[in-house]
Structures are given as C-alpha cells and as structure tokens.
Amino acid sequence: STWTSWSGLVTDPRKRAFGFVPRSLGYEKDVRDMLDISMPDTNEIDAAKERPRNEQAIVILSEHDMPKNFYSALETLLISLRSRSRTPDSIKKYLTLDQLVTAQPNLHSGRHLLPAHVDHPTKDGYGIIIVT
C-alpha cells in the first residue's frame, strides 16, 4: 500500500500519501533527496521511525498517471489562491506548478479536518504552502 497512517499506528484510520507530479519542482530527484519527510517539531528518535513509513507512501507519478484535466484544475486553484486578498504577496510567487513539491492526499476517515496551517519549509508538507 502507498498509504501510511498519520500516527504510525495500524489502527489509525487517518492516512496520507505523497505524490510527486510531473512538471513540478518536486519531480526533480535532487529536490526530493533534500526533503526531510518527518513531521516538524518531532524529536530525532520519533522522526527516524516516521521517515521509513513516509518513504513507503511516496509515489513518483508519470504523465500517464495524471487525470485528463489535472493541470488545468491545478492552475485554476493556483490562480484563485494568488488572487485572494488574504494571500500575502511574499508567498504568491510560490503558488505555481513549477514551485509545487508534492501533492499530499489525506484520508481523514470521518475525523476532524486539519486546521489551516503553514508547514516547516523542508519538513512534512514539503513546502512553504500546504493546501488540504
């Protein structure tokens, strides 16, 4: 399975995966190699346990894997986010396909959704901006 649980427990119904999308920044192997795929603010012992689990949840997508309208839907979303008055000008330049690092689908499985948040730039979420 490419899904991993958020907590590492088999009984945790919340799952996540990490898809690296063609034409994006994260599609470049050297970028992926720099990532620390553990949660921010995690001690090194816990992070060392989490990294292998997250590595198993990574999928390198090909152009053939992408749904027909994926890129146009993504661009529509990015245009919308860039145009919002509440989006700080300092991050608008990152709201482009060539700055996307990963698509991270989350299965909440009936649990509360994550609050809006900004992840650590090189930790879980893989970037300055995360949209869930």
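So, buried here means under 20% relative accessible area, with exposed being over 50% and partly exposed in between, using a 1.4 Å probe and protein chains only. By that rule, 33% of the 132 residues in the protein chain are buried.

Before I go on, this is a predicted model, where local features need pLDDT of at least 70 and side-chain atom pairs count only at pLDDT 80 or more, while totals for chains, interfaces and linings use all residues. Residues are numbered from 1 along each chain as its sequence is written, and side-chain values use heavy atoms, leaving out hydrogens and water.

Okay, the overall layout. The protein chain has four helices and five strands; helices are DSSP runs of H or I with at least four residues, strands are runs of E with at least two, and both are numbered from the N terminus. Going along the sequence, you read β-β-β-α-α-β-α-α-β. Now contacts, meaning heavy atoms within 4.5 Å. Of the contacts in the protein chain with a separation of 6 or more, 64% are between residues 24 or more positions apart.

Let's go inside. Which residues form the largest nonpolar core? There are nine: Val21, Leu61, Met66, Tyr71, Leu74, Leu78, Leu81, Leu95 and Leu97. A nonpolar core is a set of buried Ala, Val, Leu, Ile, Met, Phe, Trp, Tyr and Cys residues joined through side-chain atoms within 4.5 Å. Take Leu61: leaving out residues up to four places away in sequence, Leu61 touches Gly19, Phe20, Val21, Pro22, Tyr27 and Met66.

Tyr71, another core member, counts as buried because its relative accessibility is 16%. The structure holds one aromatic pair. Phe70 and Tyr71 have ring centres 5.2 Å apart and planes at 80°, so they are edge-to-face. For the cut-offs, rings of Phe, Tyr and Trp (its six-membered ring) pair if their centres lie within 6.5 Å, with planes under 30 degrees apart called stacked, over 60 edge-to-face and the rest tilted.

Tyr71 also has Arg23 over its face, 3.7 Å from the ring centre. Likewise, the charged end of Arg32 sits over the ring of Phe20, 5.6 Å from its centre. That label needs NZ of Lys or CZ of Arg within 6 Å of the ring centre and within 35 degrees of the ring normal.

Last stop, Pro105, in the loop between helix H4 (89-92) and strand S5 (106-107). Buried or partly exposed? Pro105 is partly exposed, because its relative accessible area is 37%. Beyond its neighbours within four places in sequence, Pro105 contacts Trp3, Lys15, Arg16 and Ala17. Pro105 and Arg16 are 89 residues apart along the chain, yet their C-alpha atoms are separated by 5.7 Å.
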